[in-house]
Amino acid sequence: MTRIPSSDITPEWLYRQRRQFLRSAGALGLAAAALVACGDATQPTTPAPTQPAGPTPQAAGTADERGDPLTDFDSVTNYNNFYEFSMDKEAVARVSAGFVATPWQVTIDGLVRNPRTYAIEDLASRFDQLERIYRLRCVEGWSMVIPWLGFPLHRLLAEVEPTAEARYVRFETLHDPERMPGQRDPWFTWPYVEGLRLDEAQHDLTLLATGLYGRTLLPQNGAPLRLVVPWKYGFKSIKSIVRIELTAAQPTSLWMASAPHEYGFYANVNPEVAHPRWSQATERRIGEVSRRETLPFNGYAADVAGLYAGMDLRVNY
Ligand SMILES: Nc1nc2c(c(=O)[nH]1)N[C@H]1C(S)=C(S)[C@@H](COP(=O)(O)O)O[C@H]1N2
Ligand SMILES: [Mo]
């Protein structure tokens, strides 16, 4: 396995959350504090800052395992694809600024022995938060290097115990057109859905991210919880997840439903298979002038190519 930078750290925001929890526990008594900590979707939302005031964004690392430097925080948080808010990459941050991602619950169910619903705070404190520096390659031909905070999805899957029939994992974004105005666009079948084969989902590189640059996720990056699958095109990395379901059949993603001739289920980064409307051989790294060669599996072939042994990647694109 390649050395992907990974540091075991307590992000500043999680530390603050724990301190806040202890404070409420003192003031209100433990029972009340537990309620606050678990959130309650039926209660009016307490104004919670989506962007904690605090130190400047800080990553533990400065480059990915290939030596490529981090993309700057401003680009990572101001050049986004998140159609629930806007189709204009430079408008997503502004349009999503008021999105409040607490309280938030994530249900994991389907073909599992222990279906569960977690409050986001539980997920963030129950699994050690690691920093993972990954390249993100959008199908549109641009890329970034992002220091994510989060935990491998396999840790959560182990807790719910997939049954022998489970073969795929289906992910679903929040569906709430009041809070996500882009979902009024009737062209797409909302909510946004993505899927992985179970072995892809269980791969150690597959991350559930709760933050980036040492801070909690901002709305534009998929607060409070998003998937990151670094060897696949960026659209597989679904944002603002509310449900994770284990299934026997291959899930149909939003992109498979909307543009079946353009997007397949696998969507592994592959410089040899062109998009119907453009080549995927090169990419523009945000912050750089000239284009770079795109690498098979986005540079993670040594880790993940084995998952596809015997498959024709020109057919399963
Ligand atoms: N729910 C949802 N998830 C999404 C998208 C989206 O529009 N909606 N866009 C995808 C695409 S195309 C990319 S490239 C990445 C972009 O992530 P970033 O804005 O955090 O860099 O998010 C992916 N996840
Ligand atoms: Mo993308």
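Student: How many nonpolar, polar and charged residues does the lining of the second largest pocket have, by class?

Tutor: The lining has 20 nonpolar, 6 polar and 6 charged residues. Ala, Val, Leu, Ile, Met, Phe, Trp, Tyr, Cys and Pro are counted as nonpolar, Asp, Glu, Lys and Arg as charged, and the others, including Gly, as polar. This is a predicted model, in which local features need pLDDT of at least 70, side-chain atom pairs count only at pLDDT 80 or more, and totals for chains, interfaces and linings use all residues; side-chain values use heavy atoms, without hydrogens or water. Residues are numbered from 1 along each chain as its sequence is written, while chains are lettered from A and ligands numbered from 1 in the order in which they are written.

Student: What makes a set of grid points a pocket, and what makes it a cavity?

Tutor: On a 1 Å grid over the protein atoms alone, a cavity is a set of points where a 1.4 Å probe fits but cannot get out, whereas a pocket is an open set with protein on both sides within 12 Å along at least five of seven lines; a lining residue has an atom within 4 Å of a point. The second largest pocket holds about 580 Å³ of space, a volume being the space filled by probe spheres set on points that are joined across faces, edges and corners. Its lining comprises 32 residues, of which Asn81, Tyr83, Tyr192, Phe235 and Trp255 lie nearest the centre. Strand E5 (residues 142-152) gives the most to this lining, with 4 residues; strands (E, at least two residues) and helices (H or I, at least four) are DSSP runs numbered from the N terminus.

Student: Which pocket is the space taken by ligand 1?

Tutor: Ligand 1 takes the space of the second largest pocket.

Student: Which of the 16 residues around ligand 1 come nearest?

Tutor: They are Asn80, Tyr83, Glu84, Ser237 and Lys239, a residue being near if one of its heavy atoms lies within 4 Å. The shell divides into 7 nonpolar, 6 polar and 3 charged residues.

Student: Which residues line the largest cavity?

Tutor: Asn268, Asn270, Val273, Leu313, Asn316 and Tyr317 line the largest cavity, whose volume is about 50 Å³. This lining has 3 nonpolar, 3 polar and no charged residues.

Student: Which strand gives the most to the lining of the second largest cavity?

Tutor: Strand E4 (residues 130-137) does, with 3 residues. The space is about 30 Å³, and Ser237 is among the lining residues.

Terms used: A molecule sits in a cavity or pocket if more than half of its atoms lie within 2 Å of its grid points.
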